[in-house]
Amino acid sequence: MRTHKQTTLKGPATLSGIGVHSGNPAEITIRPAPANHGIAFLRTGTTHGNDRLIKAHHALVSATELCTVLGDIETGAVATVEHLMSALYGLGVDNALVEIDGPEMPILDGSALPFVQAIDQVGIATCDTPRRWLKILRHVRIETGTSFAELRPIDRGFRLDVEIDFESPVIGRSRKAMDLSPASYRREIAGARTFGMMRDVERYWKAGFALGASLENTVAVGESAVVNPEGLRFPDEFVRHKILDAIGDLALAGLPIQGAYRSYCGGHRMNVGVLSALFADRSNYAIVEAQGSRRETVLSELGAGLGIAAFAADL
């Protein structure tokens, strides 16, 4: 994340598995893309036969219940994008085209680690184009009851501070703060798995969720202990996964963020909601272009390539 040039993959990376909610099989191929392309999903295998190109942008989020969904569900959407988006953001990948042949991303082991490993296997290439950043200029905050999410200005980098508070004694209250870099992402966040309460399983099934969930891709939380025989990967794996999700959702800003993110009892809806609040007022942010370790140039929205391409409906 400290490079001042945009990046992409050196070659294609393919992964396959089932969707955690749909239970349907899916294969994805993450392909290199040119500078200023950003991240986009090419949805194939739609019911009407037409492929859909969906920009990874918060304005195209169509659902946030238990996962983040991009695109129109009737004509072609991609669900559960947050883990791959988190891996791409965490490793500092600016440009990629993600081909997917089904309506939901494969859950793999429930973390972002398989995506990280696939990206590392093909390698990351540097483009000969300066990186652009979304610089937070003003404090933006949204609240729902006691829950909140906010973005604040900081001098450099991207800092996350996430707190959870569950009634379950197995999860309880936990808070973690970190400065994001590829090294810290690999070490502290990538391996943290998604989790769910055993008591909620039947309700999720009736609502059409968690049909592909298993102990191989989800940390199952019982009344007094974690059900998975291997236990947790981190003592605070639950809050680490919430950070993983937040990184993936905030990646839908369309550019890497220079600012600080803080949330309490947040989730996909609030992660995406704070981006909507940010972009609602142009004075909340600036788009800057890296010119070196101590220099940056402020760009106009159009000059930064955030005009039609980033904010339009799915193409």
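Biologist: Is α1 mostly covered or mostly exposed, and how many of its residues are buried?
Modeller: In this predicted model, α1 is mostly covered, since ten of its ten residues are buried.

Biologist: What follows α1?
Modeller: The residue that follows α1 is Gly92, and its phi is positive, near 80°.

Biologist: Okay, new topic: what volume does the largest pocket have?
Modeller: The volume of the largest pocket is about 1000 Å³. Its lining is made up of 40 residues, of which Leu66, Thr194, Phe195, Gly196 and Tyr204 are the closest to the centre.

Biologist: Which element gives the most to that lining?
Modeller: That is α4, which gives four residues to the lining of the largest pocket. Elements that each supply at least two residues include α1 (82-91), β14 (158-165), α5 (237-250) and α6 (268-279).

Biologist: And how do the lining residues divide into nonpolar, polar and charged?
Modeller: The lining of the largest pocket has 20 nonpolar residues, twelve polar ones and eight charged ones.

Biologist: What about the largest nonpolar core, which residues touch the most other members?
Modeller: In that core of 71 residues, Phe41, Tyr185 and Tyr261 touch the most other members, and α5 gives the most to this core, with seven residues.

Biologist: Which residues does Tyr261 touch, then?
Modeller: Leaving out residues up to four places away in sequence, Tyr261 touches several residues, including Phe158, Leu160 and Val162, as well as Ala246, Leu250 and Val274. The residues that Tyr261 touches also include Glu150, Arg159, Asp161 and Asn271.

Key. Residues are numbered from 1 along each chain as its sequence is written. This is a predicted model: local features need pLDDT of at least 70, side-chain atom pairs count only at pLDDT 80 or more; totals for chains, interfaces and linings use all residues. Side-chain values use heavy atoms; hydrogens and water are left out. On a 1 Å grid over the protein atoms alone, a cavity is a set of points where a 1.4 Å probe fits but cannot get out, and a pocket is an open set with protein on both sides within 12 Å along at least five of seven lines; lining residues have an atom within 4 Å of a point. Grid points are joined across faces, edges and corners, and a volume is the space filled by probe spheres set on the points. Ala, Val, Leu, Ile, Met, Phe, Trp, Tyr, Cys and Pro count as nonpolar, Asp, Glu, Lys and Arg as charged, and the others, Gly among them, as polar. A nonpolar core is a set of buried Ala, Val, Leu, Ile, Met, Phe, Trp, Tyr and Cys residues joined through side-chain atoms within 4.5 Å. Buried means under 20% relative accessible area, exposed over 50%, partly exposed in between (1.4 Å probe, protein chains only). Contact means heavy atoms within 4.5 Å.
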